[in-house]
Amino acid sequence: MKPAILKGYFPGVVGQITEAHAVYYHTRWGFDVSFEAQVARELSDFVADFDPSRDGLWVARREGRFAGAIAIDGRHAATAGARLRWFIVTPEFQGTGIGSQLIRLAVDFCRDRGYQTVYLWTFEGLDPARRLYETFEFSLCEEHAVAQWGQLIREQRFEMNLRQGKEKQ
């Protein structure tokens with residue numbers, strides 16, 4: 001069964017994406033309330049300033065439930081690159097292809113807009129997500145240790161140069 005993909009803002013989307021992140025990262029990584037607050041604040045600002053000509057937001061629903069999300073923040077695409085943000089697939093739907101579908105939508109959106117670069121920040125240890133990023137030809141270009149969200153993590157920046165070939169199918 002293919003997921004339904006909702007594009008752009010709809011009532012409740014900020015809460016759904018924030019809850020998915022907060023629960024997942026608290027349960028699996030011990031992230032504290034500062035993580036949930038940061039996601040809620042930054043996602044709210046993104047949605048309030050959303051411009052469909054530069055930004056993208058997609059939510060996957062399956063079996064009537066939230067299954068995942070991804071966003072492209074294009075505010076600084078001309079200088080720093082487009083930023084892939086708030087990518088998540090809920091645990092019950094991981095491994096079903098939803099993650100690949102969401103990343104493909106985001107990368108295609110960036111290509112259609114003529115963005116030169118797309119990047120994302122993540123942290124070491126999210127191996128299935130890293131393999132997915134690398135399948136789409138994102139490369140690790142920076143990493144460093146940082147204390148945040150009640151943990152010491154190794155933050156990583158992945159980047160894709162869109163001037164080069166297409167992602168692997």
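**Note on cysteines, a helix pair and selected residues**

1. The sulfur of C110 lies 15 Å from the closest cysteine sulfur, which belongs to C141, and that is too far for a bond. The model is a predicted one, and every remark below should be read with that in mind. A disulfide is a covalent bond between the sulfur atoms of two cysteines. Here a pair would have to bring its sulfur atoms within 2.5 Å to count as a disulfide.

2. How accessible are C110 and C141? C110 is buried, with a relative accessible area of 0%. C141 has 43% relative accessibility and counts as partly exposed.

3. C141 sits in strand β6. Apart from neighbours within four places in sequence, C141 is in contact with R157, F158 and E159. M160 is 19 residues from C141 along the chain, and the C-alpha atoms of C141 and M160 are separated by 9.6 Å.

4. Helix α1 covers residues 13–29 and helix α2 covers residues 33–48; their axes come within 9 Å and cross at roughly 155°. Angles over 145 degrees count as roughly antiparallel, so α1 and α2 are roughly antiparallel to each other. The crossing of α1 and α2 is right-handed.

5. Which residues make the contact between α1 and α2? On α1 they are V14, I17, T18, H21, A22 and Y25. On α2 they are F35, E36, V39, A40, L43, S44 and V47. Sorted by class, this contact has nine nonpolar residues, three polar and one charged.

6. Y9 lies in the loop between β1 (4–7) and α1. Leaving out residues up to four places away in sequence, Y9 touches V47 and L57. V47 is also one of the α2 residues in the contact with α1. H26 is 17 residues from Y9 in sequence, with 25 Å between their C-alpha atoms.

7. Is R85 buried or exposed? R85 has 10% relative accessibility and counts as buried. R85 is found in strand β4, which runs over residues 82–89. Not counting residues up to four places away in sequence, R85 touches E42, I70, A71 and D73. R85 and Q116 are 31 residues apart in sequence and 17 Å apart in space, C-alpha to C-alpha.

8. Q116 is placed in the loop between α3 (98–112) and β5 (117–123). With a relative accessible area of 37%, Q116 is partly exposed. Setting aside residues up to four places away in sequence, Q116 touches M160, N161, L162 and R163. I72 is 44 residues from Q116 in sequence, and 13 Å separate the two, C-alpha to C-alpha.

9. Two backbone angles deserve a look. Most residues other than glycine have a negative phi. E63 is not a glycine, yet has a positive phi of about 55°. Where is E63 found? E63 is in the loop between β2 (56–62) and β3 (65–73).

10. E137 is a further residue other than glycine with a positive phi, in this case near 70°. E137 is found in the loop between α4 (127–135) and β6 (139–148). The relative accessible area of E137 is 33%, so E137 counts as partly exposed.

Note on methods: Residues are numbered from 1 along each chain as its sequence is written. This is a predicted model: local features need pLDDT of at least 70, side-chain atom pairs count only at pLDDT 80 or more; totals for chains, interfaces and linings use all residues. Side-chain values use heavy atoms; hydrogens and water are left out. Axes are lines fitted to C-alpha atoms, for helices over the stretch in contact, and angles run from 0 to 180 degrees between N-to-C directions. Helices (H or I, at least four residues) and strands (E, at least two) are DSSP runs, numbered from the N terminus. Angles under 35 degrees count as roughly parallel, over 145 as roughly antiparallel, 65 to 115 as roughly perpendicular and the rest as oblique. A crossing is left-handed if the near helix is turned anticlockwise from the far one by less than a right angle, and right-handed if clockwise. Contact means heavy atoms within 4.5 Å. Ala, Val, Leu, Ile, Met, Phe, Trp, Tyr, Cys and Pro count as nonpolar, Asp, Glu, Lys and Arg as charged, and the others, Gly among them, as polar. Buried means under 20% relative accessible area, exposed over 50%, partly exposed in between (1.4 Å probe, protein chains only).
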